[in-house]
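This briefing is meant to be read with the sequence and the coordinates side by side. Please look at the ligand site, the domain arrangement and the backbone geometry in turn.

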Amino acid sequence: MAGAVIVGWGTALPDRVVTNADLEATLDTSDEWITERTGIKERRVGGTTAGLAVAAGARALERAGLHGSDIDQVLLATTTPDRMIPSTASDVQHALGIKGGASDLNAACSGFVYGLVHAHGLIALGARRVLLIGSETLSRVTDWSDRNTAILFADGAGAVVLEATAGAGQLLGWDLGSDGSARDLLYADIGGYLQMDGREVFRRAVRATVDSALRSLQRAGVRATDVALAVPHQANIRIIDAACQRLGIPMERTATVLHATGNTSSASIPLALVDAIDRGRLHRGDLVLLVGFGAGMSWASAVIRWEADT
Ligand code: ACO
């Protein structure tokens with residue numbers, strides 16, 4: 001079976017910046033509270049899920065030196081499709097000139113890592129190249145008068161191109177899971193806004209992140225101390241802090257962008273990954289731990305050996 005490696009990456013963020021000070025003007029909240037409790041200072045808002053996905057996907061293709069016609073499958077992880085039917089991936093496929101299959105994948109904030117594992121599966125079954133995108137417009141399902149959620153969620157997209165390679169490829173260990181009994185802790189009904197039991201989500205998020213990461217590390221046959229870069233879901237800096245502390249991964253080896261992006265669900269892990277690459281924090285041969293949790297409640301992690309020149 002063919003292995004896969006990431007050969008291209010790209011992101012897209014809307015132009016409009018909403019700062020904590022902006023939220024202070026309309027909500028009973030403060031920059032101090034939001035910064036202390038979440039780590040978020042500002043977030044980006046606007047655009048469509050397809051528009052952001054196309055922009056991020058085009059950059060990932062360009063970085064890989066490829067065209068849409070080189071891609072066999074596009075997988076779009078999103079909780080905020082532009083329409084019920086068809087998949088938002090269909091818009092992306094058309095806009096980027098991709099000839100192969102296109103589908104959406106919803107595993108909430110774990111969606112990108114779910115997609116990463118699914119993409120490896122497609123390549124193991126014979127696909128040559130998969131474009132994997134996480135794209136969200138959570139601002140459209142956020143009640144901007146609800147301080148419990150309006151301070152957290154935002155919009156953005158990140159994409160990677162995976163390519164078949166001779167040999168085992170980059171994926172050393174993975175873990176995908178879900179506990180549907182907790183599905184009502186965080187949800188949005190069709191046409192409705194996000195509803196969340198923040199405290200309970202927080203408690204479970206730390207546990208899910210740590211347990212899933214440990215399973216992937218064990219399956220990869222490596223230890224947390226071997227990880228050069230952890231890329232966790234960007235929901236709350238205190239969740240990241242607590243989880244990384246328990247895993248024994250210091251913040252110097254952890255990618256964070258949530259101060260500037262807020263929680264962008266499926267887009268948060270690729271946004272943090274690409275930011276780390278842009279800052280020269282990732283090198284060929286490095287072990288990377290990607291780990292997400294989200295509504296469902298779902299969780300997903302993967303340990304990969306970074307094989308691209310950055
Ligand atoms: N501004 C000011 N005060 C606030 C705000 C706000 N925006 N929100 C709540 N408060 C108040 C509360 O009313 C409460 O006041 P009280 O003590 O008088 O009752 C106090 O602040 C503390 O509230 P908590 O809910 O206990 O605050 P907490 O420290 O838990 O932080 C938060 C809340 C940020 C929501 C946190 O629980 C969290 O991040 N949870 C996880 C959320 C998450 O990750 N969701 C995404 C999952 S991924 C996905 O699938 C989308």
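The notes below begin with the basis of the model and then go through these topics.

The model is a predicted one, in which local features need pLDDT of at least 70 and side-chain atom pairs count only at pLDDT 80 or more, while totals for chains, interfaces and linings use all residues. Residues are numbered from 1 along each chain as its sequence is written, and side-chain values use heavy atoms, with hydrogens and water left out.

**Ligand shell**

- The ligand is surrounded by 26 residues, a residue being counted if one of its heavy atoms lies within 4 Å of the molecule; the closest are T29, C109, R199, N236 and A295.
- By residue class the shell divides into 13 nonpolar, eight polar and five charged residues, where Ala, Val, Leu, Ile, Met, Phe, Trp, Tyr, Cys and Pro count as nonpolar, Asp, Glu, Lys and Arg as charged, and the others, Gly among them, as polar.
- At least two shell residues come from each of helix 2 (31-38), helix 6 (147-150), helix 7 (198-220), helix 8 (237-247) and strand 12 (287-294), and helix 7 gives the most, with four residues. Helices (H or I, at least four residues) and strands (E, at least two) are DSSP runs, numbered from the N terminus.

- With a polar contact taken as a pair of N or O atoms within 3.5 Å, a nitrogen atom of the ligand lies 2.9 Å from a polar backbone atom of G198.
- Of the 1,000 Å² of accessible area that the ligand has on its own, the protein covers 77%, as computed by the Shrake-Rupley method with a 1.4 Å probe.

**Domains**

- The chain is divided into domain 1 (3-165) and domain 2 (171-305), with bounds that come from an automatic or database domain assignment; their centres, taken over C-alpha atoms, are 15 Å apart.
- Because domain 1 and domain 2 both give residues to the shell around the ligand, the ligand lies between them.
- In domain 1, 50 residues are in contact with 42 residues of domain 2, contact meaning heavy atoms within 4.5 Å.

**Backbone geometry**

- The peptide bond from I85 to P86 is cis, with omega near 0 degrees, and P86 sits in the loop between strand 4 (73-77) and helix 4 (88-96).
- The peptide bond from G296 to M297 is also cis, with omega near -10 degrees, and M297 belongs to the loop between strand 12 and strand 13 (298-305).

Note on methods:
Polar contact = N/O pair within 3.5 Å; in protein donor to acceptor, adjacent residues only side chain to side chain.
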